[in-house]
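Here's a quick tour through one model, taken a piece at a time. Keep the viewer open while you read.

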Amino acid sequence: SALLSGSDILISDYSSCVWDYLILDRPIIHFAYDYERFKATCKELIYDLNEICAGTIVSNAEELQKAIIDGINFPDSQKELRRQRRERFMHYEGPDSCEKIFSFVQAHLKEITTA
């Protein structure tokens, strides 16, 4: 978590850490050099990477270098895409999410103990 919050750009494949980083609204690069092979062998994919990407998708070292430079020089170029992904997949997320969950659990624990 500290590594994510301390970084300016996330380079990941199709890992779920993208969702943790997306909250920070910083550039994300999906280094999907083996995506086609992964997609062919993993029958449990729910979404195609193109449908859920939160930044630039690259498949080789040359594209990765360019994406890193672009991310440094133009960190807001994918801002709208990141907003769309947060809205689509994280619309319940907010600054008080933990408090809401804690209150919900606490209320239901009281119901169980008084029943």
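Start in the loop between α2 and β2, which is where D25 sits. This is a predicted model, so treat the backbone angles here as computed values. D25 has a positive phi, about 55 degrees, even though it isn't a glycine. For context, most residues other than glycine have a negative phi.

Mean pLDDT for the protein comes out at 86, with 93% of the residues at 70 or more. Which elements mark the two ends of the scale? Helix α3 (residues 35–41) has the lowest mean, 71, while α5 has the highest, 97.

## The sheet and the helix on it

The sheet is open and has 3 strands, ordered β1-β2-β3 with parallel pairing. β1 (10–12) and β3 (56–58) are the edge strands, each pairing on one side only. On average, neighbouring strands are turned by 20 degrees against each other, if you ignore direction.

If you want a specific pair to click on, H30 has I57 in β3 as its bridge partner. Then there's α5, which packs on the sheet and touches β1, β2 and β3. The direction of α5 makes about 175 degrees with that of β2.

## A67, on the α5 side

A67 is part of helix α5 (residues 61–73). Is A67 buried or exposed? It's buried: the relative accessible area of A67 is 8%, and the cut-off for buried is under 20%.

So what does A67 touch, once neighbours within four places in sequence are set aside? The contacts are I29, T56 and V58. Take T56: A67 and T56 are 11 residues apart in sequence, and their C-alpha atoms are 7.0 Å apart in space.

## The nonpolar core

The largest nonpolar core has 8 residues: L4, L10, V18, Y21, L22, I28, A54 and M90. Helix α2 provides the largest share of this core, with 3 residues. In general terms, nonpolar side chains tend to be buried together in soluble globular proteins.

L4 is a handy place to look around from. Leaving out residues up to four places away in sequence, L4 touches L10, C17, D20, Y21, L24 and R26.

## Aromatic pairs

How many aromatic pairs does a search of the whole structure find? It finds 2. W19 and F89 make a tilted pair, 5.0 Å centre to centre with 55 degrees between the planes. W19 lies in helix α2 (residues 17–22) and F89 in helix α6 (residues 79–89), so the pair ties together parts that are 70 residues apart in sequence. W19 is partly exposed, at 23% relative accessible area, and F89 is partly exposed too, at 27%.

F31 and Y33 form a pair as well, with ring centres 5.1 Å apart.

Note on methods. Residues numbered from 1 in each chain as written. Predicted model: local features only at pLDDT ≥ 70, side-chain atom pairs only at ≥ 80, totals over all residues. Heavy atoms only, no water. Helix = DSSP H or I, 4+ residues; strand = E, 2+ residues; numbered from the N terminus. Buried < 20%, exposed > 50% of the residue type's maximum accessible area, 1.4 Å probe, protein only. Contact = heavy atoms within 4.5 Å. Phe/Tyr/Trp six-rings, centres within 6.5 Å; stacked < 30°, edge-to-face > 60°. pLDDT = per-residue confidence, 0-100. Core = buried A, V, L, I, M, F, W, Y, C linked by side-chain atoms within 4.5 Å. Pairing = 2+ DSSP bridges. Axes fitted to C-alpha atoms, helices over the stretch in contact; angles between N-to-C directions.
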